[in-house]
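Hi everyone, thanks for coming.

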Amino acid sequence: MKTLRRAAEIRDLRRLARRRLPHAIFEFIDGGAGREITLRANEDDFARIGLSPRVGVDVATRRTRRDIVGFDSALPVMLAPTGLAGLYWPQGEQAAARAARRAGVPFCLSTNSVASIEEVSAAATGADLWFQYYFLKDEGLTDRMLARARAHGYRVLCITLDLPVQGRRHRDVRNAFVVPPKVTLPTVLDALRRPSWVAGYLRHGVSFGNFETHQLGGGFSTIAQHIASLCDAGADWETVRRIAEKWGGPWVVKGVLHPEDARIAVGLGASAVVVSNHGGRQLDGVPSAISALPAIAAAVEGRAQVLLDGGVRRGTDVLKALALGADACMIGRAFLWGLAAAGEAGVDKTLALLGDEIDNALALLGVPDVAAIGPQILTPGGAPDFSAKMRDPA
Ligand code: FNR
C-alpha cells in the first residue's frame, strides 16, 4: 500500500487510522479520561527531555536487543494489552500477535480481546505471548481463564491494577460508544464513508472472545458497564498474591505510579513493574508515565524489571525511558493506529518505524548498543522538573 510505504512516523499511521475507522471507534482508541490532561502529559513530557549525543564513536555495528522478562526481544519494545483490537481490523489480535512474532517482540493479549486466548495462540505459534488479567468477580471464571492461558502457551501474566472501575471517558459518552456498535442514523452515515471497515465488520462482527455469552448479559453495553458487571473492585494486594500463586509462572503488575506500590509488587515476587497510567484513560490528573518513572526505578533497585507505557510514539521516546531506568516500553496506540490503518502490515510498519528510529538514534547518540543507554544520553541535569506544569487548558 502506497500510503503505508510513505508513512514517515507513527503520527502518519494515526492519520490513516482516522480515515478508515468510524468516528466513535477512532475516538475510543485516541481518547483519555476527563479533560485529558494526563493523556497530553504522557506525550508532552517525553518532548521536554533533551538528548546529548557524543561523536567520534564507532557506530558501524548497532544492537537493539533487550531482555524483557526472560525473552530475548529484538527491540526494547512490546505490544501492550489493548481491548477490542478485533473491532479495529478483522481478527486484529491475531494480526498484531503475528506482527509481534515477525518483529521478535512480545505480544500481550487483553482480557477484553475480541479473539479468544485459543484463537490467538493458534494464529501466532511461537510468538512470545503474555496474557493480561483484570480481576474478575467470578472466581471459577478466573481459574478457567488462567488455566486456558497457561495451557495455550502464554508465558507471562500481566495483572492490570489501575482499573477497579473504568475512568470517565468523555469522548465515549458524547459518542454513545457501545459494543456492539449501535445502528443509528449518525453511525450509518458515518459508516457509509468507511466502506473498508464496514466490510470487515460485517464479515467478522465483534464479541468479547474470552467470555461465554451468558456471562456478558447480551445486548449493547458501554465499556464502563462491561467492566462494572464483570470486574472486581474489591481486589487488593492479597488478591494479587493469590492470582500470582494460581498462575505459577512469571507475572508482572501494570498500572503502577507510586514507588511504594512498586516496592509491594516486588516484595510479592513480581518479575516486572509496568509504570503506566493506562494511556491517560483512567484517572485524569495523575503524572505522566515518564515523569513517574525515575522514582519507581529507584524504589525497585534492580530487584525486578521496570517497563513503561504511555505516550511512546517514537524511537527516541523508548531511549529516553531506558535512560531514566526502564528496561523496555510497551506501546498501545502506536500499534493500534497501524492496525486500524492497514491490519497486520500496519503493525509491521509501526514496529519497523520504531526499530529504525531506535537504530538511527543509537548511531546519532554515539551509543551503539541499547544495553549501554543510561542517563549519559540526556542533557545535563537529566530529566526536567516535571512537577511544575500540569495544567487544564479550560
Ligand atoms: C488500552 N489499555 C489496556 N490496558 C490493559 O491492561 N487492558 C486492556 O484491555 C486495555 N485496553 C486498552 C484499549 C485501548 C484502545 C487503549 C488505547 C489502551 C492500556 C494499554 O495497555 C496501555 O497502558 C496504553 O495504551 C499505553 O499508552 P499509549 O501507548 O497508548 O500512549
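This is a predicted model: local features need pLDDT of at least 70, side-chain atom pairs count only at pLDDT 80 or more; totals for chains, interfaces and linings use all residues.

Residues are numbered from 1 along each chain as its sequence is written, and side-chain values use heavy atoms, with hydrogens and water left out.

So, how many cavities of 30 Å³ or more does a search of the whole structure find? The search finds 3. By cavity I mean a set of points, on a 1 Å grid over the protein atoms alone, where a 1.4 Å probe fits but cannot get out; lining residues have an atom within 4 Å of a point. Points are joined across faces, edges and corners, and the volume is the space filled by probe spheres set on them.

The largest cavity holds about 480 Å³. It is lined by 34 residues, and P81, T82, G83, H278 and R281 are the closest to its centre. Elements giving two or more residues to this lining are α3 (23-30), α13 (223-230), β10 (328-331) and α18 (333-365); these are DSSP runs numbered from the N terminus, helices being H or I with at least four residues and strands E with at least two. The lining has 15 nonpolar, 13 polar and 6 charged residues, where Ala, Val, Leu, Ile, Met, Phe, Trp, Tyr, Cys and Pro count as nonpolar, Asp, Glu, Lys and Arg as charged, and the others, Gly among them, as polar.

The second largest cavity has a volume of about 60 Å³. Its lining includes R20, W89, W197 and H204, and α11 supplies the largest share, 4 residues.

Now, where does the ligand sit? The ligand is in the largest cavity, meaning that more than half of its atoms lie within 2 Å of the grid points. Around the ligand are 23 residues, with P81, S110, Y134, T160 and G311 coming nearest; a residue counts if one of its heavy atoms lies within 4 Å.

For polar contacts (N or O pairs within 3.5 Å), a backbone N or O atom of G83 lies 2.9 Å from a ligand nitrogen. Taken alone the ligand exposes 600 Å², of which the protein buries 98%, by the Shrake-Rupley method with a 1.4 Å probe.

Thanks, and I'm happy to take questions!

Methods: On a 1 Å grid over the protein atoms alone, a cavity is a set of points where a 1.4 Å probe fits but cannot get out, and a pocket is an open set with protein on both sides within 12 Å along at least five of seven lines; lining residues have an atom within 4 Å of a point. A polar contact is a pair of N or O atoms within 3.5 Å; within protein, one must be able to donate a hydrogen and the other to accept it, and residues adjacent in sequence count only if both atoms are side-chain atoms.
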